[in-house]
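Here is a short walk through a protein model.

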Amino acid sequence: MRYIAVFALLTACALADESYYSFSKSVGSGGGLSYSVTGEGRITAVRVWELYSNYIYGFQIRYGVLWSPVVGYVSGEPNEIELFEGERIIQVSGKYGHYIQSLIFATNKGRSLHVGQSSGNSFNMYPTHPDAELRFLSGRVSGPPTALQAHWAVLDTDSSKNN
């Protein structure tokens, strides 16, 4: 069912003005099963679990008041950022090796969440449209996340009134 929703979203975006939707190149080793974290409305929070300050063990995204399923594993206390009204994620950066080593979620208000070990290959993901924001993440998971891809779009303001 989730794949149908992602396919429908990608199809709708392809039929729309291409400048309002973009996606970042996938990073990581790419082993394991595919995942896609999507939801209704604006992203309002992000949780990330790390394994002993080493690599990303799992993550979760909240859309409105609903949390997505966890990608990877839960271990200990999560690192979390809750977004303010009007705040949006405009950049995802980090490092990767076999697993995603670190993640940085940056917002349009100058705040960020830094989690994980700063070693490996660097990546920096951001939208092509200046008003776009992070809409969903996809990638691959083999226990912990092994690959990550960010998808960006301008949020329809009519649909965001419910959030």
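Y73 is partly exposed, with a relative accessible area of 39%. Buried here means under 20% relative accessible area, exposed over 50%, and partly exposed in between, with a 1.4 Å probe and protein chains only. This is a predicted model, where local features need pLDDT of at least 70, side-chain atom pairs count only at pLDDT 80 or more, and totals for chains, interfaces and linings use all residues. Residues are numbered from 1 along each chain as its sequence is written, and side-chain values use heavy atoms, leaving out hydrogens and water.

Now look for ring partners. The whole structure holds 6 aromatic pairs. Rings of Phe, Tyr and Trp (its six-membered ring) pair if their centres lie within 6.5 Å; planes under 30 degrees apart count as stacked, over 60 as edge-to-face and the rest as tilted. Y55 and Y57 make a tilted pair, 6.5 Å centre to centre with 50° between the planes. Y55 is buried at 15% relative accessible area, and Y57 is buried at 18%. Y57 also pairs with Y73, again tilted, at 5.0 Å and 40°. That pair links distant parts of the chain, 16 residues apart: Y57 is in strand 5 (residues 55-63), Y73 in the loop between strand 7 (71-72) and strand 8 (79-82). Strands are DSSP runs of E, at least two residues, numbered from the N terminus. Y55, Y57, Y73 and Y99 form one aromatic cluster.

Charges meet rings too. The charged end of R47 sits over the W67 ring, 3.8 Å from its centre. The criterion is NZ of Lys or CZ of Arg within 6 Å of the ring centre and within 35 degrees of the ring normal. R111 lies over the face of F84, at 4.0 Å from the ring centre.

Methods:
Helix = DSSP H or I, 4+ residues; strand = E, 2+ residues; numbered from the N terminus.
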